[in-house]
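Welcome! Take a moment to turn the model around on your screen, and then we can walk through it together, one part at a time.

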Amino acid sequence: MTTVPQPTHATRWRCTLCGNLTRFDVTRSSKVVEYVHLDLAGESSVEEREVVSETIESVRCRWCNAVDQIELVDRPGSDS
Ligand SMILES: [Zn+2]
């Protein structure tokens with residue numbers, strides 16, 4: 001469940017309480033498939049990572065600590 005609007009190429013987040021546009025803590029849950037490659041000694045490394053799904057659960061403003069008080073505003077120069 002997400003109440004956070006997704007920014008697009010023409011819009012960005014803005015904190016509705018303090019007007020912050022640039023600093024947020026984003027809590028994100030994602031489902032990821034990893035290609036794990038083990039060498040003969042058993043050491044593993046992840047060679048590919050595919051994000052299957054991703055959900056933003058909450059966004060907290062770094063300035064005023066408001067949670068999910070986010071609106072979308074136009075980015076500068078996106079008045080097409
Ligand atoms: Zn804020």
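Let's begin at the metal. The zinc ion is held by four protein donors, the SG atoms of Cys15, Cys18, Cys61 and Cys64, which lie 2.3 to 2.4 Å from the ion. Please keep in mind that this is a predicted model. Seen along the sequence, the donor residues follow the spacing C-x2-C-x42-C-x2-C.

How are the four donor atoms arranged around the zinc ion? The angles they subtend run from 102 to 113 degrees, so the arrangement is tetrahedral. Tetrahedral here asks that all angles lie between 85 and 135 degrees.

As for bonds between cysteine sulfur atoms, the count of disulfides is zero.

Next, step back to the whole chain. Its secondary structure consists of four strands, with zero helices, giving the pattern β-β-β-β as you read along the sequence.

What is the overall extent of the chain? The C-alpha trace spans about 55 × 30 × 20 Å along its principal axes. Its radius of gyration is 18 Å, whereas a compact globule of 80 residues would have a value near 12 Å. Of the 80 residues in the chain, 15% are buried.

Contacts tell you how the chain comes back to itself. Taking those between residues at least 6 apart in sequence, 62% link residues that are at least 24 apart.

To finish, find Val51, which sits in strand β3, a strand that covers residues 44-61. Is Val51 buried or partly exposed? Its relative accessibility is 45%, so Val51 counts as partly exposed. Beyond its neighbours within four places in sequence, Val51 is in contact with Ser30, Lys31 and Val32.

Cys61 comes 10 residues away along the chain, and the C-alpha atoms of Val51 and Cys61 are separated by 26 Å.

Conventions
Residues are numbered from 1 along each chain as its sequence is written. This is a predicted model: local features need pLDDT of at least 70, side-chain atom pairs count only at pLDDT 80 or more; totals for chains, interfaces and linings use all residues. Side-chain values use heavy atoms; hydrogens and water are left out. Donors are N, O and S atoms within 2.8 Å of the metal (3.2 Å for Na, K and Ca); water is not among the atoms, so sites may look incomplete. Four donors count as tetrahedral if all angles lie between 85 and 135 degrees; four count as square planar and six as octahedral if opposite donors are over 155 degrees apart and all others between 65 and 115; anything else is irregular. Helices (H or I, at least four residues) and strands (E, at least two) are DSSP runs, numbered from the N terminus. The radius of gyration is taken over C-alpha atoms; the globule rule is 2.2 Å times the number of residues to the power 0.38. Buried means under 20% relative accessible area, exposed over 50%, partly exposed in between (1.4 Å probe, protein chains only). Contact means heavy atoms within 4.5 Å. A disulfide is a pair of cysteine sulfur atoms within 2.5 Å.
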